[in-house]
Amino acid sequence: MVQTQSSPPTTPLWDINRQTIVILDFGSQYSELIARRIRETQVYSEVLSYRTSVDHIKTLNPKGIILSGGPSSVYDDRAPVCDPQLFHLGIPILGVCYGMQLMVQQLGGNVEKAERGEYGKAELFIDDPTDLLTNVDNGTTMWMSHGDSCLQLPPGFDILAHTNNTPCAAIANNEKKLYGVQFHPEVVHSVGGLALIRNFVYHICEAEPTWTTEAFVEESIREIRAKVGDRRVLLALSGGVDSSTLAFLLHQAIGDQLTCMFIDQGFMRKGEPEALVEMFAGKFHINVEYIEARDRFLKAIEGVTDPEVKRKRIGHEFIHVFEEQSKRLGPFDYLAQGTLYPDVIESADTNVDPKTGERVAVKIKSHHNVGGLPKDLQFKLIEPLRKLFKDEVRNLGRSIGLPEEIVKRHPFPGPGLAIRIIGEVTAERLNILRDADFVVRDEIRQQGMYHDFWQAFAVLLPIRSVGVMGDKRTYAHPIVLRLITSEDGMTADWSRVPYDLLETISNRIVNEVKGVNRVVYDITSKPPGTIEWE
């Protein structure tokens, strides 16, 4: 665990504004991924809308700027554009795909629809192996996704690399430190992508690797103590890595001024509520108020089959319980929330409609959160994790002593097992699913395979099928196994697990869980499916 000073310094241990790479988002699905790749170099990155003014960008004093890709064409009437003055600030700029095309057009070059689009893996042939492409192998694979191409470069630009279909796959004006790549170096399919990003960050931008977990912990504790003073903070504890890491960080900063409220809504996995309270309150001596509310949550969704209605009712009931109990336990001055940087990005003005140039947001499903609490609670928000991605939260939790069983815990939805029961949720169905889910987790742990999966769980279907057990006819529920692999949850694939593992899990569920006579395996990737069934 990182030790902190009893009297924190008055000046920051590191200065984000001096070591920032700004990413201007033009509606790319990969903007968040670019930011994560920069963070992996231990340099802070921040995603901003392409509409961000040059004056605001200058206040951030960035070491470099990256223009993201996007779904638009630069010659569209309402294509998103940045202020052309950006290219005259003397700050290194890297344009990626659409970002490169926009740079070319705004500086006097020409971009048109290509005779042949280029999508997927492409072999990159390097014409100039210096600066941006230092240590990038000639013939390496890069990921392409474009229907437009640069036909004429602006004055002062040279070609750094090409592919069979794209003459200007990488370009540079070394004098002005302006660079562009037609491919996506941030995606895992681009073999030399990380080397290129490191070249831009370290060699061209001359940024220093100051974005470290240790520095973040010490600076966050300093800020928390300065903001909170001697006042009280309330945190809704779920047992997930976000709220658990936040609890540890806050407890390290302010000790018993923190109160965690754990609301047991009855939808958690077998043994988790008891283990959670014992760990936080018993082992680590963090103030935890256990609120047993299983009956009222079950009643709130009685008869509900629509997944969106189910999620909303659970969310609303959570708010009601939280409000009642916070007033009972209070008063509190601050409400701590585990808001992460992806939440900030998704709620910001960054997503762009290629036709209208306006921000768009498509709701796949509602997210259960503390958000939407009544204003009369009079809380001030404190969100120490809002600068972090999920993998950074895990590293933070590990560095401040959070047990590995929580750090590496599989993601678990806020509504819990209620959205892993398709259709109506009843006490009987919850018991069946809870027991089946336990078998899945217990077996993969015994096999030493728990960390091979992003998530591994069971789903209960609201139907019954005919079976035979002990020479008798049965009419019971089927259980769906969902074992998936993923890097970040944005995309996922079903796991090609050994047949003997599936067989063992199936046999155990059918034999140990009353009310189940059939087990099936979900082999759908994301997309087109989602990880959860509801």
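Tutor: What follows goes through the annotated site, then a neighbouring topic in the chain, and then the nonpolar cores.

The model is a predicted one, and the site itself comes from a record: the unreviewed UniProt entry places the feature "active site" at C97, H184 and E186. These residues span 90 residues in sequence, yet no two of their C-alpha atoms are more than 11.3 Å apart, so they gather at one spot. From this set, E186 is included in the lining of the largest cavity.

Taking C97 to begin with, its place is the loop between β4 (93-96) and α3 (98-106). With a relative accessible area of 5%, C97 is buried, because the cut-off for that term is under 20%. When residues up to four places away in sequence are not counted, C97 touches G69, S145, H146, V181, Q182, F183 and H184, and H184 is itself one of the annotated positions.

E186 sits in the loop between β10 (178-181) and α4 (193-204), and E186 is also buried, at a relative accessible area of 1%. Once its neighbours within four places in sequence are left aside, the contacts of E186 are Y30, L33, I34, R37, V96 and I197. Of these, I197 falls within the α4 range of 193-204, while V96 falls within the β4 range of 93-96.

T140 is found between β6 (125-126) and β7 (141-152), and at 10% relative accessibility T140 counts as buried. Beyond its neighbours within four places in sequence, T140 is in contact with A122, E123, L124, V191 and G192.

In soluble globular proteins, nonpolar side chains tend to be buried together. Here the largest nonpolar core has 48 residues, and those with the most contacts inside it are I263, F322, I479, L481 and I509. Elements that each supply at least two residues of this core include β12 (258-264), α9 (307-329), β18 (472-485) and α14 (499-512), and α13 gives the most, with seven residues. L481 shows how such a residue is surrounded: setting aside its neighbours within four places in sequence, L481 is in contact with V440, F457, L502, I505, I509, V519, V520, Y521 and D522. Apart from this core lies another, of 39 residues, among them F262, I286, I400 and I406.

How values were computed
Residues are numbered from 1 along each chain as its sequence is written. This is a predicted model: local features need pLDDT of at least 70, side-chain atom pairs count only at pLDDT 80 or more; totals for chains, interfaces and linings use all residues. Side-chain values use heavy atoms; hydrogens and water are left out. UniProt positions are given in the numbering used here, feature names are shortened, and annotations may be inferred rather than shown by experiment. On a 1 Å grid over the protein atoms alone, a cavity is a set of points where a 1.4 Å probe fits but cannot get out, and a pocket is an open set with protein on both sides within 12 Å along at least five of seven lines; lining residues have an atom within 4 Å of a point. Helices (H or I, at least four residues) and strands (E, at least two) are DSSP runs, numbered from the N terminus. Buried means under 20% relative accessible area, exposed over 50%, partly exposed in between (1.4 Å probe, protein chains only). Contact means heavy atoms within 4.5 Å. A nonpolar core is a set of buried Ala, Val, Leu, Ile, Met, Phe, Trp, Tyr and Cys residues joined through side-chain atoms within 4.5 Å.
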